Structures are given as C-alpha cells and as structure tokens.
Amino acid sequence: MSKKEYELIELPNGIRIIHKEVNHTKIAHVGIMLDIGSRDESPEEQGLAHFLEHMVFKGTTKRSSYHIINRLESLGGELNAYTTKEKICFYASLLDIHLDKAVELLCDITFNSTFPEKQIEKERTVILEEMSMYRDTPEDSIQDEFDEQLFPNHSLGRNILGTEQTVRSFQQGDFRSFLNRNLNTEKIILSSVGNYSAKKIQRLATKYLKEIPHKNHTPKRNWFSGYEPSRKELKKSISQAHIAMGMPSLSIKDENRIPFFFLVNLLGGPSMSSRLNLSLREKHGLVYGVDASYAPYLEIGQFAIYFATDPKNLKKSQRIILKEIETLKHKPLGNMQLHKAKNQIKGQMALSEENKNAIMLMMAKSQLDLNKVPDINSVFDKIDGITSSGIQDLAKRYLPTEEMSALTYLPE
C-alpha cells in the first residue's frame, strides 16, 4: 500500500487519522485503536484492559448501554471491540451514509465512558462466564496457558481475560486510573476505509476529537528476557491429547519477520498443503488439523504449533513434527516448491486485501507499530527475494528444536 493509496492526517492533540478510499462499496469501516493492551497491566490488574473493553459499551456521559448498543444496530450496522497483548480497539461497519454516527459513537465510548458501578457488577459475571467457557475449551485454554509457560512472570504470559481473583476485585476507579496512566493521544489511530474522501473523515474526526486534550503518558513497557525451555504435562477431563509446542521468536520490527512468516506458513499455515498437514493428516491420518503460528510483539515474538490427537499417537506426531522442521533445515526447497509456496502466500495476502474491515484494522496496527502501512507490492518483493538457502538459514537460526517448550493436556 503506497502513500497514494492512503492518507495520514494528524490532529493538534496528536491523534492520527488514516484513511483508504475505495470504490464500489456502500459500507464504511471505521475504528479507534489504542496502543494499550494487557501487557501494560500490573500483576494485580490482570484482565483490566479486557474488562475495560467490555465496560466502554455500558455507559458514557450522555448514553446508557441500551442507547450505545442500538445507535448503530438500528441502522443495520455492527459495533465491536477486541483486546490483545498490546492493543485495544473499538470499531464499526455500516452504510456510509451513517458514517457521522459511527465516528461520533466511537469517539464517545473511547473518551467519555463512565464505567457505571452497577454495570461493573453485571459485566463481572459475564466475564467470569467467558473465562469458564475458555477453560472448558482445551484448544483455547492450552494456548493461553502456553503463553504463561513461554513468558513466565511477565505480562506477555498473563491471560488477557485475567484471573477470577483479579476480575472480582476491579472497581470504577481502577478503569479510570489505568486509562489515565496509559493514554497517549500520540498513540491513538482513527482508521477508516470507504468510498469517501480523507477530507470527510478528517472533518468528522476533528468535530468529535478536537476537545480531547493532548496526553503524552508513555509508561515504559517491561521487555521480556531470560527464556528457558520447559515441558509440562497436565491431566484434564478430555478425550484427546492436546499439545502446544514452540518458543519465543522475532519481534514485529525484525528485518527477517516477513521471511520467517513465510517459513511458518510453509510449515503449518492455513493451507491443506502445508508440510505438517500433509504429513500428519494426509499421510499418517493422526490429526484432524494442525496449526503453526507466529505472533510478533514489540520486542519479541512467539512461534507455536498446536494440534490434538489420540493419546497413543502423541509421541509419533511429535516426532513427525520435529522431523519436518529438521527437513526444512537440511533439505533445500526445489525451485518449483519455492515458486508454489511464494504464489500461495501472496494469494492468501491478496485475498485478505478483499476484506475491507481487515484492511482498516491492519492500517491502524501497522501505523502504531511501524509508523507506516506496508505496501502489499513491497511485501511481495520481499517474498520474491526469499531463496531456498535463506529458508534453511532461517529454520536453523530460529527453529532450534532442542530449545522448544511443550505443554500437553492428557485425558484423566
């Protein structure tokens, strides 16, 4: 995405607006993303960022929760939010003739939430139920628990939902103090994608954000270091064995991030022709599915493989996975294999460009993390520059199997 394909505008208070104009759509996608996440919590605040994400929908200085929910839904629009380790985002999609209403509402819930005490008690119960649901879903809970194993005693390892103890403790003042401590208007993006001009979204954003004072709170994030491999087994009330295996990896600013993403995609990406799927499912019939993922953060990243299988096939499945990783290190990809892998990942990325809501969210995150929005053609150029020997070097350097940790859930 070149600079001609999006426009970046900065308001006097530091809040930035990023807009991509697209033709042939009647839908506007707009969101406000804060560079605040669960990693910015103290240990006793664990789960507060996620709780805050819920609470902004429960009342502002001029709206009740009912009026917030119905403001866009009555127009056929959608209002949503999410929290990650490093971001909180509120976003909406609706007919572009109602763009003004979406921008106004998003600004209202972001900056004017009152965190009503009665609503805190109700939402506390909702979040405790959400936590129970995750605990009852091993494919979700094992990945959260694996974070804790990889990043022990660090905010990157703590569950975004929090603990039962912390969630029960939060009061109105906790939300306000967390925002006051972390809010930095220079780290807020209003992102927009739709068939309208940047001047239009600038006019609306200025209208609703001009009174927000400039804030430059920049609490220092605690960087993770001191990883040590570990292996854990836990008994659960389940019928399959579930396993997560992996290790810390490259940060979001690492120059090898895109080639490493290519490597992980080749190994166990969403395609049925990934190395692990062909080996574990198609050749040996040991799993229904297997997934390799790479999540980059500010100073570090996480590489992980997840699958579930019959307990008697667990050791064999692990051996096959380790063998596939070693094969990537010692057996170079043929020209045709490399060409197909490049076409595949470029096709996946091009397909994701069709999702305008995903583009809107990607633009905001990229601007916050990298201070730019990567042009898809420049990303394709980096992919085209990947060599067979380069893949081997990356696998040798960043996938040392002896350094991998593993967490296994076994049936009781």
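**Exercise 1.** In this predicted model, which residue in E5 does Leu 79 stand opposite, and how do E4 and E5 run?

*Solution.* 
Step 1. Opposite Leu 79 stands Ala 92 in E5.
Step 2. E4 and strand E5 (residues 88-95) run antiparallel and are joined by six bridges.

**Exercise 2.** Find the bridge partner of Leu 34 in E5, then state how many bridges join E3 to E5.

*Solution.* 
Step 1. Leu 34 has Ile 88 as its bridge partner in E5.
Step 2. E3 and E5 are joined by eight bridges and run antiparallel.
Step 3. Of the eight residues of E5, seven are buried, so E5 is largely enclosed by the rest of the structure. Buried here means under 20% relative accessible area.

**Exercise 3.** Give the strand order of the open sheet and say which strands stand at the edges.

*Solution.* 
Step 1. The open sheet has six strands, ordered E1-E2-E6-E3-E5-E4, with mixed pairing.
Step 2. Strand E1 (7-10) and strand E4 (78-83) stand at the edges; each has a single partner strand, so one side of each lacks a neighbour in the sheet.
Step 3. From one strand to the next, the twist averages 15°.

**Exercise 4.** Which strands do helices H8 and H13 lie across?

*Solution.* 
Step 1. Helix H8 (residues 198-209) lies across E1, strand E2 (16-21), strand E3 (27-34) and strand E6 (188-194), and runs at about 150° to E2.
Step 2. Helix H13 (residues 356-370) lies across E1, E2, E3, E4, E5 and E6, and runs at about 150° to E6.

**Exercise 5.** Describe the packing of H1 and H4.

*Solution.* 
Step 1. Helix H1 (residues 48-55) packs on H4 at an angle of about 120°, and the two axes are 10 Å apart.
Step 2. H1 is therefore oblique to H4.
Step 3. The crossing of H1 past H4 is right-handed.
Step 4. Residues making the contact include His 50 and Phe 51 of H1, and Glu 123 and Ile 127 of H4.

**Exercise 6.** What span should helix H5 have at 1.5 Å a residue, and what does its buried side pack against?

*Solution.* 
Step 1. The 13 residues of helix H5 (residues 138-150) should span 18 Å.
Step 2. The end C-alpha atoms of H5 are 18 Å apart, which agrees.
Step 3. The buried residues of H5 are Pro 138, Ser 141, Ile 142, Phe 146, Asp 147, Gln 149 and Leu 150.
Step 4. These buried residues pack against helix H4 (117-135) and against strands including E7 (231-236) and E8 (241-249).

How values were computed. Residues are numbered from 1 along each chain as its sequence is written. This is a predicted model: local features need pLDDT of at least 70, side-chain atom pairs count only at pLDDT 80 or more; totals for chains, interfaces and linings use all residues. Side-chain values use heavy atoms; hydrogens and water are left out. Helices (H or I, at least four residues) and strands (E, at least two) are DSSP runs, numbered from the N terminus. The expected span of a helix is 1.5 Å times one less than its number of residues. Buried means under 20% relative accessible area, exposed over 50%, partly exposed in between (1.4 Å probe, protein chains only). Contact means heavy atoms within 4.5 Å. Two strands pair if DSSP finds at least two bridges between them. Axes are lines fitted to C-alpha atoms, for helices over the stretch in contact, and angles run from 0 to 180 degrees between N-to-C directions. Angles under 35 degrees count as roughly parallel, over 145 as roughly antiparallel, 65 to 115 as roughly perpendicular and the rest as oblique. A crossing is left-handed if the near helix is turned anticlockwise from the far one by less than a right angle, and right-handed if clockwise.
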